[in-house]
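Here are my notes on the model you sent. They cover the fold of one chain and then its contact with the partner.

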Amino acid sequence: MNNYNYKVPCSKDKLKEIRVFVSKTLSKYGLDEVEVSTLVLAIDEVCANLIIHSHNCNPQEFIEVNVLVERGKGVTFQITDTGKGFDINDYQEPTIDELIKKQRKGGIGLILVKKIMDRIEFKTSSKKNTCRLFKKINVI
Amino acid sequence: MIEIKTIPEGDISTIKIVGDVDASSSIQLDNEIQKVTEQKATKILFDCEELNYISSAGLGVFMSYIQYFEENDIKTGLFGLTDKVQNVFQILGLDQLLYIGTTKEEAKSHIDEQL
């Protein structure tokens, strides 16, 4: 079991750094390029959502990304922040047709996350929110 | 991080996207498409050969124009997507709503066939 951690200020400019961190971490485990990039996408979406909606892009606030790799099991991502809590599981995503008709640009990030990950859990305590995302994947 | 430019060739405008289209940069793609449509382009190709990454913010920009393109009879096509970028379009089924060709020639002939 290997654990990796990365903490960044809540600025949209930092999304690229998060992607590079997740990508570098996962590419050590024998996953192919598309598998890695799909997981990177899911984490990018969750982080973008938190940075923009929970923290209003305030660089004085931080989010922390934790990657736990378990051989034979898969990968667990844990994203922790102290903003207003938001449970992805409560989000009623629109359909693609609705989005096209309304010409809306947002709203599909969390659809992607739900399609990509196998399990999403959300926990909130008095000050800390934790979003845990699990993917069963063959890491070697 | 992202570089977008439009190359006019005859009646086709090719928007070349280089780099990462994410929540911080998708606005640039949006502005470019808006600019090209304001110039009354009727055929738009998206050169994605050097598009390294796209997130939902970028997909959202494409989606928000699908209806506009249809209503205004604007023919479009994407080409040159890497496997990982194409995969993002496929996850949401957007590859069924937007034409994605392998090469520029393929995307061009698709546009011409539609006329």
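What share of the 140 residues of chain A counts as buried? The figure is 31%. It should be read with the caveat that this is a predicted model.

1. Secondary structure. Chain A is built from five strands and four helices. Their order along the sequence is β-α-α-β-β-α-α-β-β.

2. Overall dimensions. Along the principal axes, the C-alpha atoms of chain A occupy a box of roughly 45 × 35 × 25 Å. The radius of gyration of chain A is 15 Å, which agrees with a compact globule, because a globule of 140 residues would have a value near 14 Å.

3. Contact between the chains. Chain A contributes 28 residues to the contact and chain B contributes 23 residues. On the side of chain A that touches chain B, the elements giving two or more residues are α1 (15-26), α2 (33-54), α3 (96-102) and α4 (109-116) of chain A. Of these, α2(A) gives the most, with nine residues.

4. The side of chain A that touches chain B is made up of 12 nonpolar, 11 charged and five polar residues.

5. A remark on reporting. The size of an interface is often given as the accessible area lost when the parts come together. In this note the contact is described by residue counts instead, 28 from chain A and 23 from chain B.

Conventions: Residues are numbered from 1 along each chain as its sequence is written. Chains are lettered from A and ligands numbered from 1 in the order in which they are written. This is a predicted model: local features need pLDDT of at least 70, side-chain atom pairs count only at pLDDT 80 or more; totals for chains, interfaces and linings use all residues. Two residues are in contact if their C-beta atoms, placed from the backbone, lie within 7 Å. Ala, Val, Leu, Ile, Met, Phe, Trp, Tyr, Cys and Pro count as nonpolar, Asp, Glu, Lys and Arg as charged, and the others, Gly among them, as polar. The radius of gyration is taken over C-alpha atoms; the globule rule is 2.2 Å times the number of residues to the power 0.38. A residue is buried if 20 or more other C-beta atoms lie within 10 Å of its own, exposed if 12 or fewer, and partly exposed in between; C-beta atoms are placed from the backbone.
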